[in-house]
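I opened the model today to look up its cross-links, its strand pairing and its cores. My notes follow in the order I made them.

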Amino acid sequence: MASSFRVCILFILSVATPISYAKEYVVGDKSGWSPGVDYHPWAYGKSFRVGDVLHFFYAPKVIDVASVDISSYALCESVKTFYKDNSGRTSITLDNSGSYYFISTNKQGCFTGLKLELHVL
């Protein structure tokens, strides 16, 4: 009786306790979100999933990060911006599967590498 009670309690706890597999990433690792860094190698090989969090660290008010559509990404223009921040510490939760595009809205910054494309499973 006691062992079936323990099994029942363990089952209830395992069902009632959500397991989070979300990961947190510092974009660019030690380099942060900085001009002149190539973010393609940084993103390559990572499996981004819904719920993961990206942390962008950069010079506040000098550099920004914006979530944009694919054409804005390709042109380094903030034609369609979904989110923009210049606080120096931006955290973005990847809340949907699909492609994400990030740029600096400063064209020179974007053209010198401040752009990131990633795909979320």
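I began with Asp 64, which counts as buried at 8% relative accessibility. For burial I used a 1.4 Å probe and protein chains only: buried is under 20% relative accessible area, exposed is over 50%, and partly exposed lies in between.

Before going on, I noted that this is a predicted model, where local features need pLDDT of at least 70, side-chain atom pairs count only at pLDDT 80 or more, and totals for chains, interfaces and linings use all residues. Residues are numbered from 1 along each chain as its sequence is written, and side-chain values use heavy atoms, with hydrogens and water left out.

**Salt bridges**

What does Asp 64 form a salt bridge with? I found Lys 84, with the closest N and O atoms 4.0 Å apart.

I counted 2 salt bridges, taking a side-chain nitrogen of Lys or Arg within 4 Å of a carboxyl oxygen of Asp or Glu. Glu 77 and Lys 107 make one of them, at 3.0 Å from N to O. Glu 77 is in the loop between α3 and β4, and Lys 107 is in helix α4, 30 residues apart. I logged Glu 77 as partly exposed at 31%. Lys 107 is also partly exposed, at 39%.

**Disulfide**

I then looked up sulfur pairs within 2.5 Å, the cut-off for a disulfide. The structure holds 1 disulfide. Cys 76 and Cys 110 form it, with their sulfur atoms 2.1 Å apart. Cys 76 lies in the loop between α3 (70–75) and β4 (81–85) and Cys 110 in helix α4 (residues 107–111), so the pair ties together parts 34 residues apart in sequence. Which hand does the disulfide have? The torsion about the S-S bond is about -70 degrees, so the disulfide is left-handed.

Both cysteines are buried. Cys 76 has a relative accessible area of 1%.

**Positive phi**

I checked phi at Cys 76 too: it is near 55 degrees, a positive value in a residue other than glycine. Asp 29 also has a positive phi, near 50 degrees. Asp 29 is in the loop between β1 (24–26) and α2 (39–43). Asp 29 is partly exposed, at 48%.

**Strands**

I call two strands paired if DSSP finds at least two bridges between them. β3 and strand β6 (residues 98–103) run antiparallel, joined by 3 bridges. Ala 66 has Ile 103 in β6 as its bridge partner. β6 also pairs with strand β7 (residues 115–120), antiparallel over 6 bridges. There, Gly 98 stands opposite Val 120 in β7.

**Cores**

A nonpolar core here is a set of buried Ala, Val, Leu, Ile, Met, Phe, Trp, Tyr and Cys residues joined through side-chain atoms within 4.5 Å. The largest has 21 residues, and Leu 54, Phe 102 and Leu 118 are among those with the most contacts inside it. α2, β2, β6 and β7 each give two or more residues to this core.

I listed contacts of Leu 54 (heavy atoms within 4.5 Å). Beyond its neighbours within four places in sequence, Leu 54 touches residues including Tyr 25, Trp 42, Phe 48, Phe 102 and Leu 118.

How values were computed
Helix = DSSP H or I, 4+ residues; strand = E, 2+ residues; numbered from the N terminus.
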